[in-house]
Amino acid sequence: MIEGAIWRKWAFFYLPMALFLLFLLFPFYWMVITSVRPDGELYRPWNSVNYNPFWTWNPTWDHVRYLFEETLFAAWLWNTMFIALVSTAISLVCGVFAGYALSRLNFPFAGSLGTGIFITYLVPQTLLFIPLAEIIRNYRLGDTPWSLILTYPTFLIPFCTWLMMGYFKAVPKELEECARIDGASRWQAMLYIVIPVAIPGILSAGIFAFTLSWNEFIYALVFLSSPEQKTVPVGVTSELIRGDVFFWGPLMAGALLGSIPVAIAYSFFVEHYVAGLTGSVKG
Amino acid sequence: MGQVVLKGINKFYDSVHAVKDVNLQIRDKEFVVFVGPSGCGKTTTLRMIAGLEAISSGDISIDGSVVNGLAPMDRDIAMVFQNYALYPHMSVYDNMAFGLKMRKFTRPEIDRRVRDAADILGIGELLKRKPRQLSGGQRQRVALGRAIVRHPRVFLFDEPLSNLDAKLRVQMRVELKKLHLRLGTTAIYVTHDQVEAMTLGDRVVVMKDGVVQQVGEPLELYNRPANKFVAGFIGSPTMNFATVTVTEANGSLIAENAGLRIRLPDGTARRLRGHIGHKVTLGVRPEDLTVAGAADPDHPCFDAVIEVVEQLGSEILLDMKVGQDVMVASVEPTVRVNVRDKLRLAMRPSSLHVFDVKTEEAI
Amino acid sequence: MVVAETQVYMPQAPRTRQRLLEDERWLAFVLLVPTMVLLGMFIAYPFVRGILLSVTNSRVGVPGDFVGLANYYKIWNDGIFHTSVYNTFLYTGVTTVFKLALGLWLALLLNRNFRGKAFTRAFILLPFIIPTVLSTFAWKWMFDPTFSVLNWLFYHLNLISGRINWLGDPDLAMISIIVVNVWRGVPFFAISLLAGLQTISPELNEAAAIDGAKPRQRFWYITWPLLLPVTMVVVLFSIIQTFADFQIVYVMTGGGPANATHLFATYAYQIGVGTGLLSEGAAISLAMFPILFLVVIVQLLYIRRVEVR
């Protein structure tokens, strides 16, 4: 790069970068500080004297304790984890198979099927949640984890398929042909050669799908009603607010703890996640 | 056993007729090379034999039974690909064992065969490595090893040497030849490189635009090309061509055009009796041209102007202008010539080729 | 043969099932069945069901009768619906502009070499990873009318003298929602555009620099045109997501104050689930469809055009 004077670097790089980081990360800091701050410090008007909102000298576990003792937070965590894992697994299997078929096999209507799946990829959950709620009720799936495990794949499969198509296209055709000559059936060649070679793609799709289903909100909000069935986002929203009263301490603690599993999963697979994210829009 | 018979093979891609009525009998233990420019249908033919492409019409049989509808896995053949197609997630050992595992061989048998093949190819110490840790030549050997452990009826090679650098290519060519002599398995080899075809093949099949131009032993193709295409394709540098008119003078036949006037030797003249007054294409290989001396006064001679002199050490290539035509001669390294020199050249009488101007068939 | 044959391969008769799967068409069919069933059951069928629902007057637990386009007629004349439509377009338009501008800026910053680059990039994506509902609560808490940390900050910086009721005023509420959406979307834009930037060979910029192009010119004549395809796809993608957004508004204002900040989705939720007027709610969310459809078509055409080139 062609660099100018030092002050230019500060003005055009360090300063904007710092502001961006502040803007993007401050809410998380705020979440952390709120969740360990005693109630007495939390509810002080913004204009009270001698009040420093950015730090506390009296950290407390009260809010976390409240979360686990007084609410069903542990159950919500478990529900979210279970639903996210199962729906991700289902979506990966379907997406890998469909992606393989669409990118490597010749068959009638392959093109229009691919386009069809791409379109469903763009269908937002908010378009269909009302009729879906009816259907879920008719299938007697309402208020069970299965209502989400079966519906989450509708937005995960198209994404996984789309991503896997890209990865499969990059696997040389000869690998598969060689395997077939070596004595593998098409099915075996797919299972033993093409899929193992595309493992990075499967990891990307998997981690991305996992975060998507962990974050899903509207289906969970509409399909689940009893508190012990809820997922973290819905549980936090509906059970930690009583009418107009917000329990900010436990709320922020819940938000923080509810984010940690995705954050951990993400931190292990940052590169795969980024590959999935950029792959999802590039196609 | 490994006898392959192609009978009336055709391949259509939509409206494109990629392979046209190919008939060929490949004997057991034979090494047959398909050669031709890219897009000539040679690879498609190979892939049809492998079962990777469906046959539009015709029959392919191996050892007497038709294999048209058989999946590649049931044909008992092995194939080496241009990019080697090594399975990147498997070790060299597993790459070589894969075909045997698929065919449910016992573990000790797999182990024995893999180690035997590795010994033959000298890759015994690479067995634990992954393909990405290998050099180009080593990958090539592993790809070969994977084919030979199977003891298949037929080996198929799809331009296996074209990803190697020039030096390694020559070396591997020799090893392939040795390997074939040692194993004696029928081999069908596709290449665009006529040198590979000439050096490797027991017989060579020259293809162009989906049509087989000529099938024959290497020297047969070199000495008696069936048409102008084969004549131009085989041999390096390529054969010189000149369009000439055949006339008769003093009882002998003369071929002439703007810059060339030669008396045709008897053998050639006999074949051209019927073409007096017509045009034909004359062909002569660069290595059949010599600087004219007193030694052979009866050789056809002509004058040329030197345009470029290429010193190759073992020979000199002269790019020359002969009237309107451009010709290349390969002459002794002792010849001393300069650009723009005028030079008189002689052709070896027996090496003159003539082709029909329209059909391009040899006369 | 050098090696003695101790075990000879006998081609066994292929099993019928196996032979069926050797046919590309059958294999493709088998591989696509699970996807087709799930998507058919939970996308295509609900879509049809939604349309049918929107032309009845059914409520929760009441099947309802055919009423034609009455629901659509009703929302056509509904003031809150008008506000929602206006809000949705405003929200989508404004946030997309900001997300693109800030995202591109951030991508350009990240595209330079500096220490801790990988680390910074990983942290920057956090707003996009963390469940939106949960992070939006942090913002709601920051915008709290009584305990707002932003008010505290602005007050101590002498920018304001009295408190600002962020979520109580319709305009301020809209601005707050837009801020949160931009906050959540910038990382997505930045990382996607960064990926696009990294595919542009640095040699192009160096060649342009040697040809005498200044940084600004290099951006406009080299970087931007080459980045445009990625930008287009990212923008179209984001437009669809933003247009159908639900979570941020649901948490921040619930559509308030006085239904001033509703979007299509939140209003559909309020009518369809909150009040139980299923058919009318279905009609409201289906009203999004024509616009989404248009964007999808544009995107498909664009992708096809890029592929052809």
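## Exercise 1: The domains of chain B

Chain B is divided into domain 1 (4-233) and domain 2 (240-356), with bounds that come from an automatic or database domain assignment. This is a predicted model, in which local features need pLDDT of at least 70 and side-chain atom pairs count only at pLDDT 80 or more, while totals for chains, interfaces and linings use all residues. Residues are numbered from 1 along each chain as its sequence is written, and chains are lettered from A and ligands numbered from 1 in the order in which they are written.

**Task.** Find what distance separates the centres of the two domains of chain B, and which residues by class make up the domain 1 side of their contact.

**Solution.** 
- Step 1. Taken over C-alpha atoms, the centres of domain 1 and domain 2 of chain B are separated by 39 Å.
- Step 2. Four residues from domain 1 of chain B and four residues from domain 2 of chain B make the contact; two residues are in contact if their C-beta atoms, placed from the backbone, lie within 7 Å.
- Step 3. On the side of domain 1 of chain B that touches domain 2 of chain B, two residues are nonpolar, one is polar and one is charged. Here Ala, Val, Leu, Ile, Met, Phe, Trp, Tyr, Cys and Pro count as nonpolar, Asp, Glu, Lys and Arg as charged, and the others, Gly among them, as polar.

## Exercise 2: A sheet of five strands

**Task.** Do the analysis for the open sheet of five strands in chain B.

**Solution.** 
- Step 1. Read the order as β15-β19-β16-β17-β18 (chain B), with antiparallel pairing.
- Step 2. At the edges stand β15 (289-291) and β18 (325-331) of chain B, each with a single partner strand, so one side of each is left without a neighbour in the sheet.
- Step 3. From one strand to the next, the twist averages 50°.
- Step 4. Five bridges pair strand β16 (residues 301-311) of chain B with strand β19 (residues 342-347) of chain B in the antiparallel sense. B:V305 has B:K342 in β19(B) as its bridge partner.

## Exercise 3: Chain A meets its partners

**Task.** How many residues of chain A are in contact with chain C, and how many with chain B?

**Solution.** 
- Step 1. Chain A brings 76 residues into contact with 81 residues of chain C. Helix α1 (residues 6-35) of chain A gives the largest share of the chain A side, 12 residues.
- Step 2. By class, the side of chain A that touches chain C has 56 nonpolar, 17 polar and three charged residues.
- Step 3. With chain B, 16 residues of chain A are in contact with 18 residues of chain B. On the chain B side, the elements that give two or more residues are β6 (77-80) and α2 (92-102) of chain B.
- Step 4. The side of chain B that touches chain A has 14 nonpolar residues, three polar and one charged.

## Exercise 4: The build of chain C

**Task.** Why is chain C described as more spread out than a compact globule?

**Solution.** 
- Step 1. Chain C has 15 helices and zero strands.
- Step 2. Its radius of gyration is 27 Å, well over the 19 Å that the globule rule gives for 309 residues, so chain C is more spread out than a compact globule. The radius of gyration is taken over C-alpha atoms, and the globule rule is 2.2 Å times the number of residues to the power 0.38.
- Step 3. The C-alpha trace of chain C spans about 95 × 70 × 35 Å along its principal axes.

Technical notes: Helix = DSSP H or I, 4+ residues; strand = E, 2+ residues; numbered from the N terminus. Pairing = 2+ DSSP bridges. Axes fitted to C-alpha atoms, helices over the stretch in contact; angles between N-to-C directions.
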